[in-house]
Amino acid sequence: MTNTSNLLSHSRPDDPIVRWNDKLITRDEYLHDVDYVARRLPTARYALNMCKDRYLFLVAFAAVLVAKQTNLLPPNRSNTVLRNIINDYDDCYYLSDEVLDRKSTRLNSSHTDISRMPSSA
C-alpha cells in the first residue's frame, strides 16, 4: 500500500470527512480511494488534473502527491491553455472524471479516468 498515513491523521478511521453522491465517505474510504488511484497512475512526472467532480478532484490531487508527481492545475479548460501545458510538460498525462461509474478503471499512458474506481464501501 502507498503511504497515505499522514493524510487526515487527525481523524478516526470511521469519521465521515465528505459527502459524495448522497453518501458519507469516511476517512478510511477516502484513503482507500487515494491509494487505489495512486497505484494505477502512469509513470510520469506531471499530472494534469481535469476532474470536475470535487471529491474526485481531491482523490486525484492526493493520489498524485502520494505518487510523488506534480499536479498541474490549468487556469481554465481552453484548448489553447491545455495545448500549451501539454507542449510545456512532455512527461504529462491527464486525469478526468468524464464517466461517473465507480465499478472499474480504464487506464492508458495518457489518460486516467478516476471516476471508475471501485466503490470503497
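Visitor: Is E29 buried, partly exposed or exposed, and what is its relative accessible area?

Guide: This is a predicted model, in which local features need pLDDT of at least 70 and side-chain atom pairs count only at pLDDT 80 or more, whereas totals for chains, interfaces and linings use all residues. Residues are numbered from 1 along each chain as its sequence is written, and side-chain values use heavy atoms, with hydrogens and water left out. Burial is assigned from relative accessible area (buried under 20%, exposed over 50%, partly exposed in between; 1.4 Å probe, protein chains only). E29 is therefore buried, its relative accessible area being 12%.

Visitor: Which residue meets E29 in a salt bridge?

Guide: Side chains of opposite charge can pair when their charged atoms come close. A salt bridge here requires a side-chain nitrogen of Lys or Arg within 4 Å of a carboxyl oxygen of Asp or Glu. The N to O distance for the E29 pair is 3.0 Å, and the partner is K23.

Visitor: What is the relative accessible area of K23?

Guide: K23 forms the salt bridge with E29. K23 is classed as partly exposed, at 30%.

Visitor: How far apart are the closest N and O atoms of R12 and D14?

Guide: R12 counts as exposed at 55% relative accessibility, and D14 counts as exposed at 53%. The two residues form a salt bridge, in which the closest N and O atoms are separated by 3.7 Å.

Visitor: How many salt bridges does a search of the whole structure find?

Guide: The pairs include K23 with E29 and R12 with D14. Over the whole structure, the number of salt bridges found is five.

Visitor: What percentage of the contacts with a separation of 6 or more comes from residues 24 or more positions apart?

Guide: A contact means heavy atoms within 4.5 Å. Among contacts with a separation of 6 or more, the share from residues 24 or more positions apart is 56%.
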